[in-house]
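Hi everyone, thanks for making the time. I'd like to walk you through a model with the structure up on the screen, so let me put it there.

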Amino acid sequence: MAAPTQKHTNPERTLAILGLVVLLLGIWTFWPGQSHVPKLGLDLRGGTQVILTPTANQGGQVVTDDQLKQAVEIIRQRVDGFGVAESEVTTQGSGQNASIIVSIPGVTDSAVLNTLATTAKLDFRPVLIEAVGGVTPTTSPTPSASGTGSSSATPSASASTTITPSASASAGSPSASSNGTAITSALQGTATSASPTASASPSASSSASPRATASTDKNGVTSVDGNPPIQSANNDAALQAAFTSLDCTKPVARKGGLADPTQFLVTCSKDGALKYLLDKAAVRGTEIASASAGLSQSGGGWEVNLTFTSTGAQQFATVTGQLAQNPSPQNQFGIVLDGLVESSPYVSTAILGGSAVITGSFTADEAKALANVLKYGSLPVSLEVSSVEQVSPTLGQDQLDAGLIAGALGLLLVVIYLVIYYRALGLVATASLMVAAAITYFVFVLLSRQLGLALSLAGVAGAIVAIGITADSFVVYFERIRDEIREGRSLRAAGDAGWIRARRTILAADFVSFLAAVVLYFLSVGSVRGFAFTLGLTTVVDVAVAFLFTRPLVSLLMRSAWFTSGSAWTGLSPDRLGVKPALVEVDTHQRHAAAETKES
Amino acid sequence: MSRLGTIAHRLYSGEVSYDFVGKRRRWYAISGIILLLALIGLFGRGLNLGIEFKGGSEFTVPNTTATVEQARASAEAANITDPIVTQVGDKNIRIQTQALTPTQSAAVTMQLSQDLGVPQGNIAVTLVGPSWGAEITQRAVQGLVVFLVLVVVFLSAYFEWRLAVAALVALIHDLVITIGIYALTGFEVTPATVIGVLTILGFSLYDTVVVFDKVKENTRAITSGNRATYSEAANLALNQTLVRSINTSVVALLPVTAILVVGVGLLGAGTLKDLALALFIGTAAGTYSSIFIATPVACQLQERRPEMKALAARVAQRRAGGDSRSGRARKTSGTGTATAVLDDVEVDSEMSSGITPEDIGGAVAPTGPRSQPKKNQARSKRKK
C-alpha cells in the first residue's frame, strides 16, 4: 500500500503543544483583574467619532508631520476637556492624505461636535484679573481697585512666567529672580531705552467692582453652559460675576473653545489652577513668525524664544510697553489658545525688537509644549470636519446583539451542515472551528488590552464571514482525503496524501484572503480597517488551526479502530463514498457477497 | 447507493461528467447576457451611492412611533430642503439630507428630538463632507487595483500567467455582475458594500484557486502522453472538484445568510445588511465563475500553446486510428479542443467514453493502485 510520503512529527505532540499554547493564551486572557472582553468600537457601545482633515491654509502647501502633531495636540486638549474616559485622538496617513480621528465613547451630544469643529485661535491678551481656579468667595467684598486685591498673590507667584528681550541675558535674569516666568525683548538696547506710557485702554477695565447681579445673556455675556470661554463686549459687572462664580477645577470648564479676539474673556488656565479675566486680544497668534524651545545661553535652564512679524512686533511693543507700567497681575498677558490660558508671563520692560524670550522654571517638556502652542499661532492649517458618526448606546447595543446572534446562528448552520455531510469528520471540523474561535477571541482580547484595538461592527461581521472561510479549509482537506480513498488508498495513507495536496491549496487560497485583508487594511479608513484586521487575523488563525489541530487530529483518528472499521458514521467509509467495483454495477449487498466469495 | 457521495465518486472517476469546458460557448453567452445587463444597469441607471461616498448627512431616529410625514415636516422645520425620509425596520426612521455643517446638524437633531419625542442623544448622526466621500471612493478604487495587481502577480508565480489571467477574467466577471445588480436594483452602496465586494474577490479567488490546483495537478505531465487534451484534463478536474466547490460555497454562504437574516430582521438596515447582501450576490457569482468561466478561459489560453495543439492533434489521431475503446466519433473544435466527454449529464456504466483519471496518466496518483478491481481487493482484505 502507499506509504505516507510525508515525514511528520507525531500528532500527539503537536496537539499537546497547541493545547498548551491555547491554555496559556486562555489563562492570560482571563487573568483576574483585567478585562476579559475585547474593547468595543463606538458603533457597538455608542459614542461620537469625528474625522478631521487638516488642510494647508495656503493653496498648494502640504501639511507637514510637525503641523499635524500640533493640530492633534490642540484637538486632544479639547477632547480631554470633555472628561470622558478612553477618548482617543489618533492620526492616519500623512501629508495630503492625513486625517485626525477623534473617538469619544458614550457621548452623542451635539455640543461635542461644535467644540471639535471650531478652528483653534491663539491670542495674546492683557490680564485684568487673575485668581485661583476655584469659585471666588462671593462674601468677601472685593475692592474696586482693578482686581489686584481680589486675586491672591500666591498662585501668580508660583506659576508666573517672565517675558524678556531674548538677547539680553542680563535683562532677563533680574526679572527672573522675582520668581516665575518673564518675557524680555530680543534687543537689549532698544528694550531698555523706550518705555511708552500706558495708554488707557487695558487698565480702564479695572474700575468696576463686582456686583452680585448676574443674568448672563441679558448683559451680553456669551458662553456655552456657563463654561469658558465666557465672553462679553464689555468688561462689566455681569462678566465679573461670571468670573467670580467660575470654577476651573471642574474638567468641563477647561474644554476651551473659540474665543472672539474682539471681546473680553473670562477663562481658565489649561490646568485649571488659575482663572483669568482677560482684555481683548492685543496681538493675534497669526503674527508669530516662529517659536522654539532651547536652553538659556546664560545657563538659566529651558526657555522659549519667539519672534513676531513686523506688524506683530509693533503691536507687541505697544502692549508690553503698557503692561510694564502696571502692577501685578496686570503686568502679565495671557497666551490664550483655544479659549484657555496656556501661560501668563509678566513683562517688566517694553519689548521692541519683535523677538522675545520667555523664561521661568521650565522643564524641557514644558518649554517645548509652550513653544508648540506658540507655533500653533502660526500654524497654516485649518481643520475640516470630514465625517461625523454618532451612535447612541442603545443602537450600539442593538448592533452588538445582532452581530452576536448572527455569529451564533452562522456557526450553528455551518456545524449542522458539516456534521450531516461529513459525519465524524464534521465533528472534527466543529472542534477545529471552536479552537479557531477560542484563539481568535483570546488574541482579540489581548490585542485590545495591549494595543487598545477596538472591535467594531464591521470587525464582528468579518469574524462571522471568517467562520465560512475557515470551514472551507476543512472542506478542502476532507474532500482531498475522500479523493485519495477513491484512488484506492487506505484510510491512513489517504489522510496523509490528502493532507499533502490539501495543504498547498489551503495555503494558496488563504494567502489570497490574507492579501485582500492586508491591502484593505492599508488602503482604507474607518470601519473597513476593522473588518480587514479581523479577516487577516482569522486567516492566520485558520492556517494555524488547520496545520496544528485539524491535521494531527485527523491523523490520530485515522489510526483508531473505529475509523478503520469503515463505519458509515466516520464520513470516510469507502461504501459511502461510492467506491465500488468498476466493471460490474451491483448493489452493496451483492458487492459484499462477491468480495467474500472472492476471498474464500 | 444513490447518495451524494456516490455521485461525487462518479464525478471523480469520470463516470459521470459534465462538459463544462466544451460547452463554454453556452456559458460565455449566458455570462455575456448577464454582463451586458449589468453594464446597461451601471451606465444607464448608475449606482445609488450612500452619503459616505457623495457626501451628506444622515439622521436615524430609533424607536419612534412617528410617521415618515412627521419626520419630514420636522426636518423641513429645521430648514432642510428636500430631505429623503425613509422607514427603516419596524420603528426606525432615517432622514438623509445634503451635507450639513456641525451647527446645522445640531439644529436638525434638536428639532427632531423635540418633534418626535426622542432624546437627543439617541439620534444617530452621520455627517460626511463631499471631499471626504470622494477620498473614500478614491481609496476604495486604489485598494481594488492594488489587490488585483498583487493577485495576478501571486497567481502567475503560483500557477502560470495564463491561469492568472483566467482567474482575473473570472474576478472581473464577478465584480461587474455584483456592481450591475446593485445598479439595477438600486440597492444603496455604502462602505460596508465595498467591504463585501472586496471580500467576494478574496472568496471568488479562493474557489478558483481550489479548482486550478486540481487542474494543475491533472495536467502536470500531460504533454508527454497522447490520451487526453488539456481541455479534457481540465474538465475532469472541474468535475472532480465540483462537490468541493459546492460545499465550500454552501459553507461560506451559511454565515453570510445568517448575517443577512439577522441584519435585516433585527436592525432593518445598516452595516450588517449591506455587507451580507454584497457577499451573498458575489459568492454566488464567484462559485459560478470559477466553474463556468475561469477554467474554460484558462483552457482556451492553454490550447493556443504549440505543445498543447500538438497534444490535441496526437489525441485526435490516436482516437481516429481505431481506438476501439469508444465507438463514438470524437469532436474536435476549431481551437483544437477535443471534447471527449459527454454532452450534458449522462451515466456511462461501461466507462467507455469520457476521460478518467487513468487517461491523464501519472499525474493523479503516482503511488497506489490503479485499477478498480485491485481497489476492491484491498478493501476486502481490510474487511477480514
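Let me start with a question: which residues point one way from β11(A), and which the other way? L274(A), Y276(A) and L278(A) point one way, K275(A) and L277(A) point the other way, and all are buried. Buried here is a count: 20 or more other C-beta atoms within 10 Å of a residue's own, with exposed meaning 12 or fewer, partly exposed in between, and the C-beta atoms placed from the backbone.

Before going on, some housekeeping. This is a predicted model, so local features need pLDDT of at least 70 and side-chain atom pairs count only at pLDDT 80 or more, while totals for chains, interfaces and linings use all residues. Residues are numbered from 1 along each chain as its sequence is written, and chains are lettered from A and ligands numbered from 1 in the order in which they are written.

On confidence, pLDDT is the predictor's own score for each residue, from 0 to 100. Chain A has a mean pLDDT of 74, and 74% of its residues reach 70 or more. Two stretches of chain A stay under 50: residues 1-6, with 14 contacts beyond four places in sequence, and residues 581-600, with 18 such contacts. A contact means two C-beta atoms, placed from the backbone, within 7 Å.

Back to β11(A), which covers residues 274-278 and has 5 of its 5 residues buried. Strand β5 (residues 122-132) of chain A runs antiparallel to β11(A) and is joined to it by 5 bridges; strands count as paired when DSSP finds at least two bridges between them. β10(A) and β11(A) make a hairpin with 5 residues between them, and G272(A) in the turn has a positive phi of about 80°.

Next, a sheet that takes strands from both chains. In general, strands of a sheet pair through backbone hydrogen bonds, either parallel or antiparallel. This one is an open sheet of 8 strands with antiparallel pairing, in the order β3(A)-β4(A)-β2(A)-β19(A)-β5(B)-β2(B)-β4(B)-β3(B). Its edge strands, each pairing on one side only, are β3 (88-92) of chain A and β3 (84-88) of chain B. Neighbouring strands are turned by 20° against each other on average, direction ignored.

Within that sheet, look at β2(A), residues 47-56, where 8 of the 10 residues are buried. It pairs with β4(A), residues 99-105, over 6 antiparallel bridges, and G47(A) has P105(A) as its partner there. Towards β19(A), residues 381-391, there are 10 bridges, again antiparallel, and T48(A) partners Q390(A).

Now the helices. The axes of α14(A), residues 457-486, and α15(A), residues 491-523, come within 7 Å and cross at roughly 145°. Axes are lines fitted to C-alpha atoms, for helices over the stretch in contact, and angles run from 0 to 180 degrees between N-to-C directions. Among the residues that meet are I469(A) and Y477(A) from α14(A), and W499(A) and T505(A) from α15(A).

W499(A) turns up again as a contact of R551(A), along with A546(A), once neighbours within four places in sequence are left aside. R551(A) sits in α16(A), residues 527-559. Is R551(A) buried or exposed? R551(A) counts as buried because it has 24 C-beta neighbours inside 10 Å. R551(A) and T14(A) are 537 residues apart in sequence, yet 9.6 Å apart in space, C-alpha to C-alpha.

Finally, chain B has 13 helices and 8 strands, and 52% of its 384 residues are buried. Helix α7(B), residues 161-185, has 25 residues and reaches 36 Å from first C-alpha to last, close to the 36 Å expected at 1.5 Å a residue; the expected span is 1.5 Å times one less than the number of residues. After α7(B) comes G186(B), with a positive phi near 75°.

Methods:
Helices (H or I, at least four residues) and strands (E, at least two) are DSSP runs, numbered from the N terminus.
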